Amino acid sequence: MSLQSELDQEALDAIERKYDTSLNTRENGPFVTKCIYWATVAFAIYHLWTAGFGTPVDYVHMGLHLSGLFLFIFIGFPILKNQARLEYKPIDFIKPANVPLYDWVFMILAIAASLFLWVSWQGVSLMGYEVPSQMLRQGNPTGLDVFFGSVLILAVLEIARRTIGFVLPLIIMVFMIYAIFGPQMPVQILQHPGVDWYQFVNNMYFPFEGIFGVTLWVVSTVVFHFVLFGVVAQRMGLGQFFVDNAMIAAGRYTGGPAKVSVVSSAFFGTISGSSIANTVSTGSLTIPNMKKMGYPGHFAGGVEAAASAGGQITPPIMGAASFLMAEYLEVPYTTIVIAAIIPALMHYIGVMSIVHFTAKKLNLKTYSKEELPILIKVWKEGWHTIIPLIALLVVLFSGYSPNMAAFIGLSLCITVGFSSLRKPLTLILPLALLAFVFWKASALSGEGFSPVMAGVLAACIVVGMIHKGERHSFTSLFDSLHVGVQYALAVGAASAAVGIVVGVINTTGVGFRLGFMVTGGAAEMAETLHAILGWIPVDAFTQASIQQFLSLVLIAIACILMGAGLPTTALYIMLVSVAQPALSQLGVPPLATHMFVLYYGVISEITPPVCASAYAAAGIAGANPFRTGISAFTLGLGKLMVPMVFVYAPTMLIVLPEYYSLSSFLQVSITCALGIFAIATAVSGYFLTHLTGIWRLLMAIAGLLMVAPSLNSDLLSLVVLVPVLIQQWNQREQNPLANVVPPKSL
């Protein structure tokens, strides 16, 4: 059997709309709703086409992408969200299609501003007003440039506010004030000459930095495509295939329902970088089953939220920030994927261990053999759904660009899930894809597929056409593209707006200034602490070591606090500009610095009081949202510690040859996993039997010492751990049933 949701699709959609603001849009009436629907489909098809056949020049492509964002957001998102503004009123002349006139005006101006660079790049004459070519205007913007640039700045701030809230626009406005009023800054290290509004608009509006910079470019050429792939792949059956295999892999063991949640979320995380989408998609199947088996609602929701939040750090398709990381570090995306494997594994080891020992503590049932899916049947019915993911990975890891990999993956999703020999007209798409593959392998396409690659992809296409599995209608495909565009609106708006921050950082050097402030503050605190602890003959208590640790802690705290109201991508961009100069002074490799910021940014997804993933899980579980958030944060403790490990021991990231050796990698990774395992027993309060009082504390201390990447700390952890193991063994031998507690005590 397959897991089935107790909630109908309408209820799940309502939960997802409530906690994912990109889906909570106003009703526009039948005509405009239909127009917007087909506009989103066309928007998705345009991006799919450019991924395979070439992207237009940057200012054209980003202008078109921004135009789509302005259209969909100003039409769909009211200036202030409440039920009255979301509901459609058939006769309202002030608000045609439930969109106020000022939104129509602002939308038209914003689209004009995003396309003006394209129109005027070679120069243009407007009603007798001459606009020279962009090369002559760079650094000396015209009045029209300043007007449209000002409109664009305000527009991207507004779409960011409407999709993700006030926090990001307010932070960006602080950066803008800093750029303009640099000489008036009260702290001397932050002072700079400043720029006037004309120059500020010049820096933010023209390509290569600011709004039309690397952030928007990566999102519009790579991230958008992978968001579409995740949605289409899930809807054509890959999500259910993952859940069924998770049932087979983990359902029969202790804590089966919760382990199924962890494994299925890890699987689903490989195709989706959205924590909320992951939570709702797999949680609708796993949370009701966990509650049936005796897990408290808040814990069931917490398990799903913690596992789903790993989606942004789970290869091969991580969150949007990972693609930006590859661009900033100027390394292939596959380098980021390989570096993320072991840290992501540590996160899931932590969640799985806490789930296991909690189930042992509560003496919960597992699935019976009759309740589990049959392996042969699952693979017989669903094997074809994994073809697009395999093809995507083959292309990605063969050195081709991420957008080409996404194009192949998406196209194969259509072939496998929506084309059928029984419907000859639908075969046009797979046959066209075959022609594309052979064209890329020919001399006509320039640098293209090798013969081996072309053969592999052709085989995937043919198998995708002839398999006997279920086919979905093209209506379902269009719905998937529509939903995929909706998912991408928030990250697109955030990337456009945060481009202003990148522009300010490049213009003023504030990232280095803030980095020096962090290291300076950490140095002062380290000097004080070293005076107290310096007598201890351990390397960790030297002044340099204390300063590095305090710098890491300060940056981690900033990530968690700021992440309470920011999407991970925006948080990553802003904080890595501070962390990079601060930690590079302390000898931390750039890749480790970027991964450090990404991990602590993702933790905000499950950090109360603002943790959308946990709140969505609580909605499915019918549990208290804050308590669910606490459970999710507790379950994600592995993710909290791992960044510290790979900063001190970059060998864990594998891809840094100057730090990597097989022996150091195994020593750091194995002891880190064992340490997280030990901490999980302390968190759950159970190992061989119930852990209480001092024994629980000692287990936590032993785990922390083992996580620390040092042979001395590993040996010390064994000294602390041995008495706990002896106590646990003796207690279990004396009374093996004494420490099982009822579920209500959790």
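1. "Buried" means under 20% relative accessible area, "exposed" means over 50%, and "partly exposed" is in between (1.4 Å probe, protein chains only). Helices here are DSSP runs of H or I with at least four residues, strands are runs of E with at least two, and both are numbered from the N terminus. This is a predicted model: local features need pLDDT of at least 70, side-chain atom pairs count only at pLDDT 80 or more, and totals for chains, interfaces and linings use all residues. Residues are numbered from 1 along each chain as its sequence is written, and side-chain values use heavy atoms, with hydrogens and water left out.

2. Start with helix α30. Its buried residues are Met699, Ala702, Gly703, Met706 and Val707. Viewed down the axis of α30, these buried residues fall within an arc of 135 degrees, so they line one face of the helix. The arc is taken from the directions that run from the helix axis to the C-beta atoms. An α-helix has 3.6 residues a turn, so residues three or four places apart point the same way.

3. What does that face meet? The buried residues of α30 pack against α28 (637–648), α29 (662–684) and α31 (711–734). Contact means heavy atoms within 4.5 Å.

4. Now check the length of α30. The expected span of a helix is 1.5 Å times one less than its number of residues. Helix α30 has 15 residues (693–707), so it should span 21 Å; its end C-alpha atoms are 22 Å apart, which agrees.

5. Next, the cysteines. A disulfide is counted when a pair of cysteine sulfur atoms lies within 2.5 Å. How many disulfides does a search of the whole structure find? It finds zero. Cys413 is in no disulfide, and the nearest cysteine sulfur, that of Cys460, is 12 Å away. Cys413 is buried, at 0% relative accessibility. Cys460 is buried too, with a relative accessible area of 15%.

6. Look at Asp58, in helix α3 (residues 58–76). Asp58 is buried yet has no salt bridge. The nearest side chain of opposite charge, Arg137, is 13 Å away. A salt bridge needs a side-chain nitrogen of Lys or Arg within 4 Å of a carboxyl oxygen of Asp or Glu. For charge, Lys and Arg count as positive, Asp and Glu as negative; His and the chain ends are not counted. Not counting residues up to four places away in sequence, Asp58 touches Gly63, Pro207, Phe208 and Trp217.

7. Last, Gly629. This residue lies in helix α27 (residues 625–635). Gly629 is buried, at 0% relative accessibility. Leaving aside neighbours within four places in sequence, Gly629 is in contact with Ile606, Pro608, Cys611 and Ala614.
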